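Subject: Structure handover

Hello,

Here is the structure I promised to pass on. Please open it alongside this note. My findings follow below it.

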Amino acid sequence: MPKRKRKSSPVREEPSTPVVTAVERDDEDESDWDQEDHQPKKQCLSEVVSDAGIVESITLKNFMCHSHLGPFTFGPNVNFIVGNNGSGKSAVLTALIVTLGGNAHATNRGLSLKGFVKEGESSANVSITLRNKGRDAYKPEVFGPAIIVDLKITREGLRTYKLRSLSGQMVSTKKEELLSILDNFNIQVNNPVSVLTQEMSKYFLHSKGEGDKYKFFMKSTQLDQMREDFVHIKTTKQSTENKIEQQAQCLKDLKRKYREKEDRFKNLSSLDEMETKLEELQKQMAWSLVLEMENDLKPLQEKLQSDRRSTEKYDAKVEEWKNKVQEAEGKYRQIEEQLEGVTQQVQELQPKCAQLKAEAQKKNALVNSSEVTVHRCRAHLRDLEKDKVQLSSRIKDLKLSISQTSGAESQARTERMEQMQAELENLTHQISALGQQVDQYRHACSRATEEQGKMKREQDVLQRSIDANRRNLQTMESSRSNRLRRFGEHMPALLHAIDEAHRRGQLKHKPRGPLGHLISLKDPELALAVEVCLKGQLQAFTCDNHDDEKVLQGIMSNVCPKVRRPAIITSSFLPHVHDTRSRAVNHPQYPSVLQSLEIEDPVVANCLIDQRGIESILLIKNQTEARRVIQGSPPRNCTQAFSKDGDQIFNNRSYSSDQYRANYLSGDVEEEIRHLHREMENQKAQAARFQQQMRKLDDDVKQNEGLLRRAQMDERTIKNKSTKMQLELSELQNVEEPQCEDLSTLEEELQEIVSKISSKHAECDVAQAQMADCKAAYEKAEHEYKQHKEQIFTFTEDAEHVKDELSKTDQEVVRCKHHKKHYDEKRSAHLRSIQELEGRLKSKENELQTSVAKATRICSQRKDLRRTPRSLDNEINRLKVKIATEQEQQGNSEEVVRQYQEALQNYKNMALQMKNLQSFIKCLDSVLNQRLCVYTNLRRFLSARCKYYFDSTLAQRGYTGSMNFDHTSETLSISVHPGQGDSADLSDMRCLSGGERSFSTVCFVLSLWAITEAPFRCLDEFDVFMDMVNRRISMDMMLKVASGQRNRQFIFLTPQSMSSLPQSPSISILRLKDPERGNDEQTNSEDEDQ
């Protein structure tokens, strides 16, 4: 049926929330709602009781573009949601559809649910309260008089429900429970008759196809769902008929098997003779095996005697090489003593040699000093000779130019020279000041450059830290889905390659690793301590033998050629963990590393015990307590301890850890990721500060360099000017009057230079004599040093010969030890072979005794046989095959009877099942035909009712129209005539105006309301295309329909003010505040008007 008939209880119930009415008082400016003055006025009104399933209230949070809307309390009958565009009307309707099971496409507001979450928020929440009273109440003993449906939509588009009672107690979180509630209340938010959105109304108004109108009618009345159910039933019926045909063939096969078993049941025969012969052969087989085992023992006994005789040869060889080792070691000690004697002589000569070398170096220094003195004297003599020649030439020139200049020219040159001298002094002061500025600028540039270098080094360190943290962050994020990626991006591929190699048989034993992945912590706080303790062994692999190690190295070179490969530890795999009771530390308060780990694989535990000694390392969380325990009187077998911060403590020293967080053993991956994000943000901020400081330093350097270049240019300019002026002054001084010079002074200077030349000649002769004495002393000391050094070299050569002899003797000792070890190992292997042979012999003897006892139990008298066990076994097998063949053909009595009864029962069950299925198909045909007739009648009845109500509603406006259903072609044609009689010249709704078309749509919706059932009905902006006349008529019609259905709820969304509505206790108006543009936070106000 398309709908479930629901009637309100004839006895009125007290509503849970009293109806609050309000009288609206409009001001002169009706366009500004915020300035209207509303005076609520209490009135005693008659109560209206609605049926179960109506909406009592709704609340929205972070839904669409609204931070918070509601709570809105709806009346039990007619409700108007009034507000301008953007105030939240459509958001309320969208929330109602989505919360009550509708999908995002049904709202025409988005493609997915995540689009309904407000921008910048993580989730959206909607809460709807449904009435749960009357005879149609859903589990009233659980939910009470109301059901609260809470919906949460996450940013990822996930939808979760919470179904609560009126008291707030959570009853269920399953969507199946919500669907049961909706089905009980007959709530259909996807049905356009229950909820008609703006887009659906526009689509219907502008639709030009008669087939679309027919589909709209079928969906509204749920006749399309009934038709789909009939199609599904026919499909199921067809599959059942096919199954009956298949089982008919199976029934024939079962009947044939039943006949065969019946024949075998009637033809049983005896197999006693063959079974008796088989028993005799088995007795012979038992004593034949005893004889074969006795023959196998003889070679083992002979080999054991031969091996025992060979043991003496191995003993002799071991003793021979033992003596050779002793002889070689004695020779080695003798040569070693000889080498010590030569070395002692060299060491005795070394101090004397060093003394002679120092004395020769001292004499050489004196020679060099005397040579410098001689060269200095000769250079001084040359300078004095030059001065003598120049001074003589100057005196001669002065005497020749006495009468060449006048007194007036001399006076002008003197004044010019004084002026230039003053200018030169001024330029000198300027050059000095500019030099100081240049030094200051150069020093500032140097200091800024040094600061830049220092900051560059710090920035490089910071960048390396950022890169390391980024790699760690990528590893952590990858480890969310696969924890192996903590140990490297290549680790999953490496383990897959190891599994493939082991599957192909390339590995004798599958390597274990990485070791850090195979252990887990009992206490997560000790993660850093254990990680610092184990270090690189967390990424290591362990192999059973060297062949597996080579294969694993090849796999690593292929999988991770460009990254650092994990270490490989080779140690024999044992099936049990080492017994560490004698060497492990046992503290009553603090665990060892071994005790703090959970290790399922004994191979991993043994590897960490052998490589790191984790059984003797304590873990103490507090560093001070660790120092007290370890550095006071350490516990027995305790070698060291680690604190939870990674500090390593020995009994006489301690080391701080440079690692602050665990990278491999930490349990909370998300916390590690958040920590790395925070650390990287701090580092990026610090890098930005470095960049800002570097830019400032660059600006300072550029500014100082500019000032430096400017000062240097000024300095060069002034120096060039000063140099030109000095040259000019020098020229003026050179042409000065010769009378100004004192010729007598120059002649005295010449005499003084002559006397100095003679004294320097004498001084030079003395220096040359001293230089000759120093050279003779140096040559003597150098000769003594070379003789002593030659003597040391001779002893050193002798020591080298002794060392060569000692090396040869050492190699001989190693060779002899190697041979001795070789024969020791061969003797040990030989003894082990004898022990194994003895064990095998003893085991064989035990097996022989067991076999004799078993044969005695089978046959107490020993049989003398010539047949081999193989021939007996072949005959036994042939006889067993023959017996089995006979049993297959005839079978034993119990098996044949059982199979016969089983075949008979299967045949009867299948025949009964076929009979039941055929009866079901026959009954299904009858029921389906009846339902199809009812469906056809119901469709015709609903079509007639829809026509009747459509004509009635049109007549209220004075319109006439027709509605023609063609169920064969599935079309619905609607014609509307605004006038009556001959004046009605328009027949198609597309020829109507917008208001008339909207009014016709309202009439069609009202006619569908009359033939369908739902606890509430919603219309969104139904009057948007109507004029005032059509809007008023449509409103009166809907209010009239609502007044006739007091047990139903009506929710109308409109941008109109609705101020002209009549006063009635069944009408409530919810006014939404205009949106505040430019502000993300929107508030709402609610007024209930009657």
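Predicted model: local features only at pLDDT ≥ 70, side-chain atom pairs only at ≥ 80, totals over all residues.

Asn-545 sits in the loop that links β12 (541–543) to α12 (546–559). Its relative accessibility is 15%; the cut-off for buried is under 20%, so Asn-545 counts as buried. The side chain of Asn-545 comes to 2.8 Å from the backbone nitrogen of Asp-548.

Next, helix α4, which spans residues 175–185. Which of its residues are buried? They are Glu-177, Leu-178, Ile-181, Leu-182 and Phe-185. Viewed down the axis of α4, these buried residues stay within an arc of 140°, so they line one face of the helix. The general rule behind such a pattern is simple. An α-helix has 3.6 residues a turn, so positions three or four places apart point the same way. Glu-176 and Asp-183 are exposed, on the other side of α4.

What covers the buried residues of α4? Both helices and strands do. The cover includes two helices, α1 (89–99) and α3 (140–143). It also includes the strands β6 (123–131), β7 (146–154), β8 (159–165) and β9 (170–172). Just past the end of α4, Asn-186 adopts a positive phi of about 60°.

Now a sheet. Four strands make it up, in the order β15-β16-β17-β18. The sheet is open, and its pairing is mixed. The edges are β15 (617–619) and β18 (654–655). Each of these two has a single partner strand, so one side of each is left without a neighbour in the sheet. For β15, look at strand β16 (residues 640–642): the two run parallel and are joined by three bridges. Within this pair, Ile-617 lies opposite Gln-640 of β16.

Last, the chain as a whole. It has 1090 residues, and 39% of them are buried. It holds 21 helices and 23 strands. Take the contacts with a separation of 6 or more: 75% of them are between residues 24 or more positions apart. The accessible surface of the chain is about 63500 Å². Carbon and sulfur atoms account for 48% of that surface.

Best wishes

Note on methods: Residues numbered from 1 in each chain as written. Heavy atoms only, no water. Buried < 20%, exposed > 50% of the residue type's maximum accessible area, 1.4 Å probe, protein only. Polar contact = N/O pair within 3.5 Å; in protein donor to acceptor, adjacent residues only side chain to side chain. Arc of directions from axis to C-beta. Contact = heavy atoms within 4.5 Å. Pairing = 2+ DSSP bridges. Areas by Shrake-Rupley, 256 points an atom, 1.4 Å probe, with all protein chains shown as cover.
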